[in-house]
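Hi everyone, thanks for making time today.

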Amino acid sequence: MKNLILQHFEPFRDHFLAEIERSGKKLPWLVEKSVENISRYAEKLGAEYKLLDGEPFQKGLRGQCQKCCIINEEYDEYDTVVILDTDKFVTTTCTENVFEAKGIAPFDKIHRERQLPSFQAKFPRLCNMDYPIWSGAIYVMPREFRQLMRKQINPAMREVFKQISPEMFVDEGMFHVMCVKAKWRLDTHPNGYLDERWDQSSYLPNPEKAFMIHVRHKPKNREDNLRDLMAAGIIEA
C-alpha cells in the first residue's frame with residue numbers, strides 16, 4: 001500500500017502575514033508545529049508527507065478550497081490520500097492508523113444543524129439536504145472515491161466552485177455538490193462518516209481520548225491553547 005498525507009498552507013490572513021514577517025520564518029509557529037507533528041505521524045505509518053502552498057487545485061479560489069487538490073490526478077499512484085488543516089495534531093495517546101479508518105470525513109453536530117441548512121439557504125439549487133456537508137479539517141480518500149469526485153468536474157462545475165469560494169462553506173460546500181452530482185449518498189454509504197475522534201475540537205472535554213485534535217480559538221487564542229495541550233502531554237509538537 002502506498003499512502004500520502006497532505007497539508008496545504010497559504011498565508012491568506014493578515015495575522016499570518018504579520019507573524020511571518022515578524023519572525024522571519026516561512027510558516028507561523030502553530031503551522032510549523034502542526035507540520036512537524038503530522039509529518040512525524042506519516043513517517044511512523046510508513047506514508048509519504050507533502051506540504052503544499054499556492055493554488056494546487058484551481059486558480060482564483062480561496063486557500064481553504066485548495067484542499068480539494070486531494071483529488072488531483074497526480075495523486076492517483078497512492079492508494080489512500082489524507083489531507084489535513086494546518087491546525088491539526090495527532091495526540092500522544094493515538095494508536096490508530098488513519099489510513100485504516102472507516103469514512104471520508106466527520107459530519108458533526110455543527111455541520112448537521114448549522115452548515116447544511118445555511119448552505120441550502122444560500123445555494124438552494126446546488127444543495128441537497130439528503131447529502132451532508134462534511135467537517136473539512138480532515139479527509140481520508142481512497143483512490144476510487146477521489147477519481148469519482150474528479151469525474152464530476154467540468155467547466156460548469158468550475159464556475160460553481162467560484163460561487164462557493166467567497167462564502168464560508170469553501171471545500172466543504174464544493175465536495176457537497178460533487179457528491180450530489182455523483183449521487184454518492186454519504187448517509188447510506190458504509191464508509192460515509194469518519195469517527196469524530198479524528199477531528200476533536202481542542203475546547204471539548206477529554207482531549208486525551210481523541211485521535212487528532214483540531215486546535216481552535218477558544219477558550220484562549222490558538223497558540224496558547226496548543227501550548228496548554230503540549231504542557232499537559234496530550235500533544236507532542
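Let me start at one residue: Glu 167 is partly exposed, with a relative accessible area of 25%. Please keep in mind that what you see is a predicted model. Glu 167 has a partner, Lys 122, and their side chains meet in a salt bridge, 3.6 Å from N to O. This pair links distant parts of the chain, since Glu 167 sits in the loop between H5 and H6 while Lys 122 belongs to helix H3, 45 residues apart. Lys 122 is also partly exposed, at 45% relative accessibility.

Another of them joins the side chains of Arg 143 and Asp 79, at 3.4 Å from N to O. Arg 143 lies in helix H4 and Asp 79 in the loop between strand S2 (48-52) and S3, so this pair ties together parts that are 64 residues apart in sequence. Arg 143 is partly exposed, with 26% relative accessible area.

For a local example, look at Glu 36 and Lys 33, whose closest N and O atoms are 3.6 Å apart in their salt bridge. These two are three residues apart in helix H2 (residues 29-44), and therefore about one helical turn separates them. Glu 36 counts as partly exposed at 29%, whereas Lys 33 counts as buried at 17%. There is a network as well: salt bridges link Lys 67, Asp 85 and Asp 171.

In soluble globular proteins, nonpolar side chains tend to be buried together. Here the largest nonpolar core has 41 residues, and those with the most contacts inside it include Phe 57, Trp 134, Met 174 and Phe 175. H6 gives this core its largest share, six residues. Apart from it lies another core of 18 residues, among them Ala 47, Cys 94, Phe 99 and Val 140.

Which residues does Met 174 contact, leaving aside its neighbours within four places in sequence? They are Phe 57, Leu 61, Cys 65, Cys 68, Phe 161 and Ile 164.

Last stop: H4 and H6. On the H4 side we find Phe 145, Leu 148, Met 149 and Lys 151, meeting Phe 175, Met 178, Cys 179, Lys 181 and Ala 182 in H6. The residues of this contact divide into seven nonpolar, two charged and no polar.

How values were computed
Residues are numbered from 1 along each chain as its sequence is written. This is a predicted model: local features need pLDDT of at least 70, side-chain atom pairs count only at pLDDT 80 or more; totals for chains, interfaces and linings use all residues. Side-chain values use heavy atoms; hydrogens and water are left out. A nonpolar core is a set of buried Ala, Val, Leu, Ile, Met, Phe, Trp, Tyr and Cys residues joined through side-chain atoms within 4.5 Å. Buried means under 20% relative accessible area, exposed over 50%, partly exposed in between (1.4 Å probe, protein chains only). Helices (H or I, at least four residues) and strands (E, at least two) are DSSP runs, numbered from the N terminus. Contact means heavy atoms within 4.5 Å. Ala, Val, Leu, Ile, Met, Phe, Trp, Tyr, Cys and Pro count as nonpolar, Asp, Glu, Lys and Arg as charged, and the others, Gly among them, as polar. A salt bridge is a side-chain nitrogen of Lys or Arg within 4 Å of a carboxyl oxygen of Asp or Glu.
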